[in-house]
Amino acid sequence: MKKKISLLLCFVLIFALALTACQGTTSSEDENAGENIEESLEENGDTEEAADEGFKAQITFNGSSTLAPVMSAIATDFIEEYTTWNNVDPSFPEENIIIYVSAGGSGAGAKSVIEGTSDFGMLARDIKDEEKEKIGDPNIFLLGMDALTISINPENPLHQIKDDLSSEEIRKIFSGEYKYWDEVDSSLEHKEIVVVIRDLGGGAHGVFQDSIMGDTPVREDAIQSPSMGALVTKIIENKYAIGYASFGMVNQNEGKLIPLKVDGIEPTKENIVNGSYKISRPLIVVKKGELTPEQKAFMDMVMSEKGSQIIEEMGFVPAN
Amino acid sequence: MNNLQERIFKIIIRLLTLFSLLLLAFIIIFIFRESLVFFEVVPIYKFISGTKWNPLGPPDQLSILPIILGTVYVSLVGIVLALPIGVGTAVVLSSYVDERPKRVIRSVVDILAGIPSVIYGFVGLLVLVKFFEIKLFFPSGESVLAGGIVLAVMMLPYIISTCDESMDKMYKEYSQYSQALGVSKSYMVRKIVLPRSKKSIFAATVLALGRGMGETMAVMMVIGNAPIMPKLLSKTQTIPSLIALEMGMAEVGSLHYHALFSGGFVLVIMLLIVNILLYFIENKMDI
């Protein structure tokens, strides 16, 4: 029995490891750009090349892993609603809608459009001029903004003293130069600042690092939360915590955590969309040249109210 | 005809056995292959002896000594806390409790083992971490100690069932003799049951160590995930939590991605060592 348990446990551990390992390696064709994690949203297996000339039943997206889940969600909705193209528009042939969304980072997204390996590229940053030049005839859609608010616990008196932090102060807090709250403002308690962040390699931290920290590294003993939800929970639970909660999460937990102004600008929808609020990045989709009618039909859905609603549900600020 | 059936049966059984063996081999080979890319850039001794983990920095800032130590530290704290409780429970179960309540307690302990680890992590986060912050005035409750306590609860069922089994045997074997000699029950437990269960206590410890080092979710939620040198009351990070935290966002094929696999490889090696150790203990230790 003892042996059996240990044997069983061996296998359980091994399987646990196997599953951990599986997570990141869903497929590995297309090695040149290292962009995978493919998500196929195929309704039916047997869809041959289009009968009509020039008609493509398949649309491919590649790029930012921030935007990929949003696109997948919209695509799933689109496919569920119409199933075949002729339901979208009677002039289209009766073929199953196929939309592929794969994530590989914003760089890979731009590259795939330049090289023509996918129809659309998803970028979670501004498109660079050189990329625009290489594409030649870019068609850019702004879907929304991904914004982070510098939030604190409502019990922290800081927001009564001043509801505004300069980028310099934020940088000092997150880099560990300010270790105690009374260094930020002398009237505060002498309590250690608890810095909460997301994992360093992730998209959210990327936005923060680029817009606030620059080259300064974040303090090493900051708490790395496994999800944005956990980060927000930590701020709600801990009086002395500060962290960058996403704009969407702050709205869902209104009153439980206080977002501060950054350089005097309040994180409101208007300020985020017009770009004056600093800690944000645009979420855009790029296409080379004109859209085909079927691509246009899908992008109309993305830009519609319904698309915006999904974008908002995912925690971003829709642009439309 | 019967002969043929027999042979087909034999072949199928053997194939199935082979399959499970190959599975283990493939997993290890796969992880090794993925981490090889990284070890070509950063040699393995640098990887496990360096003290800095920064996925945004240059490749030589990807090393996991603090994380390895964190993994071991959290498990050890868990064992230190769980062992006395576990062994004590096993003694009571084997020697002091009647057959019927024993069965009830055992099934309760088994249920403890069946609770998903996220639940433990969740309770740990909301109760334990908060308790540290509010009652003990920690700036943040995430710590090695919090991870150790959560792990201890998760290890308990393994320690109890492993120890209980051999103690039960000892007790049944010797209770008549000691009653005949008129020694008290506690004397018998101290002089016979406990010393003779040494081996299974040790085996339970090693088993729990392996369990603790591989635990991901519950630990990840309460240790703060900061890749710094672990101290009992400060934050830390373990290899499984590191992989779970960063694998989702690591770009496939990047050095960071392969470094995470290398971390997994180190963990597999550590767990293999623990399990081999267990095997030797079970075979070599007398009694």
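Visitor: What percentage of the 320 residues in chain A do buried residues make up?

Guide: This is a predicted model, in which local features need pLDDT of at least 70, side-chain atom pairs count only at pLDDT 80 or more, and totals for chains, interfaces and linings use all residues. Residues are numbered from 1 along each chain as its sequence is written, chains are lettered from A and ligands numbered from 1 in the order in which they are written, and side-chain values use heavy atoms, leaving out hydrogens and water. Buried means under 20% relative accessible area, exposed over 50%, and partly exposed in between (1.4 Å probe, protein chains only). For chain A, the buried share of the 320 residues is 52%.

Visitor: Which residues of domain 1 of chain A lose the most area to domain 2 of chain A?

Guide: An automatic or database domain assignment sets the bounds, giving chain A domain 1 (2-146 + 282-318) and domain 2 (147-280). Buried area is the accessible area (1.4 Å probe) that two parts lose on being put together, summed over both; between these domains of chain A it is about 780 Å², with carbon and sulfur atoms giving 59%. On the side of domain 1 of chain A, three residues together account for 65% of what is buried: A:Met145, A:Asp146 and A:Val317.

Visitor: How many salt bridges does the rule find across the interface of domain 1 and domain 2 of chain A?

Guide: The rule asks for a side-chain nitrogen of Lys or Arg within 4 Å of a carboxyl oxygen of Asp or Glu. Across the interface of domain 1 and domain 2 of chain A, the number of salt bridges found is zero.

Visitor: Which residues of helix 7 of chain A are buried?

Guide: Helices (H or I, at least four residues) and strands (E, at least two) are DSSP runs, numbered from the N terminus, and chain A has 14 helices and 12 strands. Helix 7 of chain A covers residues 167-175, and is followed by A:Gly176, whose phi is positive, near 95 degrees. The buried residues of this helix are A:Ser167, A:Glu169, A:Ile170, A:Ile173, A:Phe174 and A:Ser175.

Visitor: Over in chain B, is B:Asn275 buried or exposed?

Guide: B:Asn275 sits in helix 11 (residues 255-284) of chain B. B:Gly210 is 65 residues from B:Asn275 in sequence, with 7.3 Å between them in space, C-alpha to C-alpha. Because the relative accessible area of B:Asn275 is 19%, this residue counts as buried.
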